[in-house]
Amino acid sequence: MAEVEARYRKKRLDRGIKARADTIFAIASYREILYLLLPRALPVILLLVLPLLFKGYWNKVIIYSCMIGLLALSWDFLASCGLFSLGQSLFFGLGAYVAGTLSYYFHWSPIFTIPIAVLGGGLLSAGLLSPVLRLRGVYFAMVTLMMPLLFMKMIETTGLVGGSHGLSSLAPFPNEWVAIYLAVGAFLVCLFVFRRAINEDYGLVLKAIRDDDRAVMSAAINIYWRKTQALFVAGAVGAFAGAFMTHHYQFVGMSVFALDYSILPLAASALGGPGTFAGPALGSMILVPLSEALRALGGLRIALYCFILILSVIALPEGIFHYIERKYHQFERLVRVG
Amino acid sequence: MGKKICLVLLTMLIGISCPVVLIPASSHSAEPVIIGVPTSVYTPFGRDGLKAVNMAVEEINAKGGVLVGKEKRPFKVVVTDTRDGEPTTPVHDALMAYEKLILEQKPHATLIAPFRSETIIASMDLVAKYKVPQLQTIAQTPQFQVKFRTDPEKYKYLFRVTTDAAIDAGYISGALDALKADFGLNQVYFIPQDTLWALGFIGVLRKYCEKTGWQEVGYEPYAAGATDFSPGLTKAKEGKAQVIAMVWDVPLGAGIFSKQWAAMKVPALVVGFVPPMAAPDAWKNIGKDVEYSIHVEFPVGASVPLKKLPKTVEFLDKFQKKYGKAPEAAAVNSSAYDSVYILAAAIERAGSLDPDKLVTALEQTDYRGVSGRLRFNKDHIVVFGSNPEETGVCVVFQWQKGKRVPIYPAFLAEGKVALPPWMKK
Amino acid sequence: MSLLIYGTISSIVLALYAAGFSLTYGISGLANFAHGALYILSGFIAWSFLNQVELPYFLSALLSIIISGLIGFGIYWGLLLRVRGIPLAELVVTFAAGVAILELLMWKGFYGIQYSLPLFLEGGVEIKGVAVDYQRLFVIGTGVVLVGLLWLFVHHTKIGLAFRGMAQNERTALSVGIESDWIGSLSLAFGSALAGVAAIVILPMGLMESAIGYEVLIYALAVAIVGGLESTSGVIVASFILGFGQVATAKFLSAKWMIIVPLVAIIFVLVIRPSGLFGKFKELEERI
């Protein structure tokens with residue numbers, strides 16, 4: 001790379017309002033309260049109001065974005081614990097099949113199948129992945145990548161639970177509005193609970209495990225148990241997304257383990273900024289509607305989608321959310337060096 | 001510097017895609033009758049089916065359009081790529097594309113329909129919900145009828161204008177009879193693709209072979225994503241099979257099988273449905289080894305012109321003239337062409353585009369098309385048989401001296417089934 | 001006997017898939033998830049040269065290998081360089097590039113049965129009653145030569161050692177004068193060229209289709225992981241295990257289960273011996 005002499009540097013300073021809002025003066029005036037509240041309230045308001053404005057197809061897009069958002073949140077939760085997962089579709093698929101089989105063979109309604117799928121999916125994922133919890137980094141990622149493929153091929157080969165044809169005509173939600181507000185509600189609840197939890201003691205231990213697990217071990221905390229718990233939570237969230245989609249489309253087939261459902265949350269997190277749950281949520285809210293909007297382009301859709309993804313990751317490797325956060329809290333000036 | 005360039009490029013790209021989004025879907029003009037085509041455009045079946053549909057639509061529009069009540073209105077085709085021909089696409093994604101087509105373009109009917117059996121079955125509920133008549137012309141799965149019978153009133157909007165696995169197998173059975181009668185062959189090895197329609201096909205064939213005294217050397221289903229058939233071909237060779245009955249639709253596996261069979265020099269005839277070996281260019285692409293293989297074309301007119309059925313010759317000539325090359329797969333293209341005319345006839349009979357009236361009119365279809373005389377039975381599938389004056393027909397052909405010669409049924413045959421020299425004892 | 005021969009062929013095919021991928025991911029530590037896409041792209045490039053520009057087969061093949069190498073080089077400079085060090089970003093960017101390539105190929109109409117490379121030589125021989133065509137013999141030959149050359153390269157040439165140094169500890173490598181950017185791009189170029197070579201010998205055995213891209217990537221990943229990321233001998237052994245495993249399953253169980261074998265093998269190996277069969281057993285780095 002060529003050598004560049006630094007003549008200018010970026011000087012970043014916290015905005016005045018940030019400095020004030022950081023302390024007790026946050027409740028001093030409405031400006032500070034609004035400054036703190038707006039970024040949190042805005043997405044909630046938007047997501048609650050948009051379904052009323054859109055109709056038909058775009059409501060489906062909102063639901064799909066929320067589901068991918070849930071998968072991305074679960075990915076980020078695992079990443080906060082140091083578990084890099086390339087197989088979100090495993091959780092998605094497990095939840096989908098639990099709900100699907102209960103609905104198909106026993107004709108239970110979504111009210112029962114979804115909670116059972118959430119718990120069952122969580123337990124199953126934790127159970128399947130706990131033997132490999134001791135593996136680090138790339139090895140754990142590989143196992144998570146291979147597991148959903150294995151399930152998909154097993155279902156295709158054995159022909160169990162519908163085999164390659166899948167289970168169809170499952171019970172739908174009683175009402176479109178129930179469906180969309182359940183999706184939006186689950187997404188928002190998950191986002192805010194995760195964001196809160198990661199800064200509480202529980203979450204701090206998880207982050208510590210990611211940063212330096214031997215240190216945590218030497219503090220007499222059983223990291224395997226904690227990781228299993230993290231797997232359970234992430235698995236449960238992913239399973240909810242799977243169960244929801246099953247009832248929404250009234251169908252479950254072996255393609256619920258498709259690579260798409262692993263890659264999309266990953267891309268959403270890469271785009272939005274991993275580490276802060278708001279980043280993956282934001283990323284999925286951008287990527288999924290983008291992908292749907294590009295359908296109008298027909299053939300070039302996926303190629304263009306990939307280009308946009310690549311450019312975003314290169315231009316903003318830290319993620320969009322970090323960038324926005326920084327801009328929101330700080331302002332930059334170019335200052336001469338020396 | 002690099003990052004700035006990326007940001008600029010990014011905004012440009014998003015800027016380009018935005019106007020595309022904001023262009024409203026022109027579904028609000030009352031004039032044209034909208035035909036939706038939700039299918040996997042990047043497969044030969046989808047691509048050639050779409051070409052056939054476009055050709056039919058052009059012909060109808062050239063005559064002024066279709067008569068709806070008192071006025072003639074042109075057809076307009078809107079396509080959405082469900083991408084379900086690609087193995088990595090989840091069914092939900094395909095359904096989203098289908099739903100977007102229905103909600104935004106508001107088609108009055110859809111043709112061709114998704115490629116993968118999984119998706120077709122899943123789409124049945126979608127179609128029932130939105131009440132848009134669907135005439136499917138690709139999927140061969142017998143599961144369609146099974147599901148239809150569970151609730152005929154709910155699924156009445158769905159029709160199949162092509163064959164299904166059992167019908168295709170019936171025709172191959174006829175060819176096997178000829179092989180047995182003329183040459184005394186009786187050892188068969190089965191290689192089905194592990195998907196329901198192919199298993200159904202081979203299942204029917206197996207039962208028939210058992211009944212008529214064929215000896216089964218082996219039965220080995222391969223997963224749809226298989227890329228290596230050497231174990232099966234070896235077993236066939238060791239078991240001295242004389243016929244290999246093979247049914248496959250995924251292009252990847254079929255291509256590899258064709259070349260492997262040629263390379264391994266298995267002294268057995270390939271009989272069944274292997275698209276790359278049945279295509280017009282097979283001689284050039286796979287080589288002279290496709291000689292003597294026997295394939296079923298369902299229905300007639302998809303790719304092989306038959307002298308005894310002038311409509312097939314006419315259709316394929318028109319196709320060749322318009323698009324420069326004949327349809328590739330020896331299956332379902334003529335169904336796509338016929339489905340447009342069936343739809344037009346039904347619209348004129350019903351006098352309106354109301355879905356329920358259209359369904360009733362479709363049920364009364366009696367159309368003489370490229371694939372024979374097309375009528376629906378109570379399961380909403382076209383009846384196929386052995387008389388083009390009464391039902392739809394298929395044909396079985398064999399590659400002889402670089403040409404595809406129809407050999408069965410007898411009234412369509414232009415030659416007799418031949419045995420390769422390396423099989424004469 | 002046929003089990004032996006076809007098992008060997010299967011294994012060598014897997015080794016060829018994995019050779020290029022192993023060079024970049026295993027030996028140099030650079031994730032190139034566009035490997036499968038580059039594989040099928042070189043096939044299509046060769047086809048275009050052969051059928052549209054009407055060059056002789058040998059020249060088309062050579063050109064396509066060189067072009068894949070150049071594309072690999074470009075991928076490093078254009079993509080990986082900008083996101084080096086952020087493992088998630090590397091993966092996403094190269095995978096997206098791979099998918100984009102596959103999609104562009106389909107959009108351009110590169111699907112259908114006319115997309116097939118001709119065999120090098122028609123005909124074959126019979127080995128103890130098993131017919132083997134010349135193309136498959138060629139595959140075996142190329143595979144053996146390639147893996148042999150790869151081993152020599154990685155263990156005995158300066159550049160090969162530089163690749164390994166970069167994967168082991170980049171800072172130390174820098175301090176002994178190994179310029180990581182240049183070496184990285186060379187590594188990617190070689191890896192992609194290897195993918196091109198594999199494509200040229202293997203693709204004539206079947207049809208060309210974009211879906212192959214995904215397959216090849218999964219298999220390459222499987223072999224690399226099972227064999228151990230930094231080891232060439234690992235690639236050989238792993239591909240033999242997976243290849244024979246598949247063929248044996250098909251022979252003794254049923255062909256249906258063939259697809260499951262590589263997946264089960266990977267999970268098995270990862271649970272028992274994560275750094276792969278021949279990877280350096282880095283107890284501290286792989287387990288907690």
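Author: Before we start, a residue counts as buried if 20 or more other C-beta atoms lie within 10 Å of its own, exposed if 12 or fewer, and partly exposed in between, with C-beta atoms placed from the backbone. This is a predicted model, where local features need pLDDT of at least 70, side-chain atom pairs count only at pLDDT 80 or more, and totals for chains, interfaces and linings use all residues. Residues are numbered from 1 along each chain as its sequence is written, while chains are lettered from A and ligands numbered from 1 in the order in which they are written.

Reader: Thanks! What share of chain B is buried?

Author: Buried residues account for 57% of its 425 residues.

Reader: And how many helices and strands are in chain B?

Author: Chain B has 14 helices and 16 strands. These are DSSP runs numbered from the N terminus: helices are H or I with at least four residues, strands E with at least two.

Reader: Let's pick one. Why is strand β15 of chain B largely enclosed?

Author: Strand β15 covers residues 395–400, and five of its six residues are buried, so the rest of the structure largely encloses it.

Reader: Which residue is the bridge partner of Glu297(B)?

Author: That's Val395(B), in β15(B). On the β16(B) side, Pro406(B) stands opposite Phe397(B).

Reader: What do β15(B) and β16(B) form?

Author: A hairpin, with two residues between the strands. Lys401(B) in the turn has a positive phi of about 50°.

Definitions and conventions
Two strands pair if DSSP finds at least two bridges between them.
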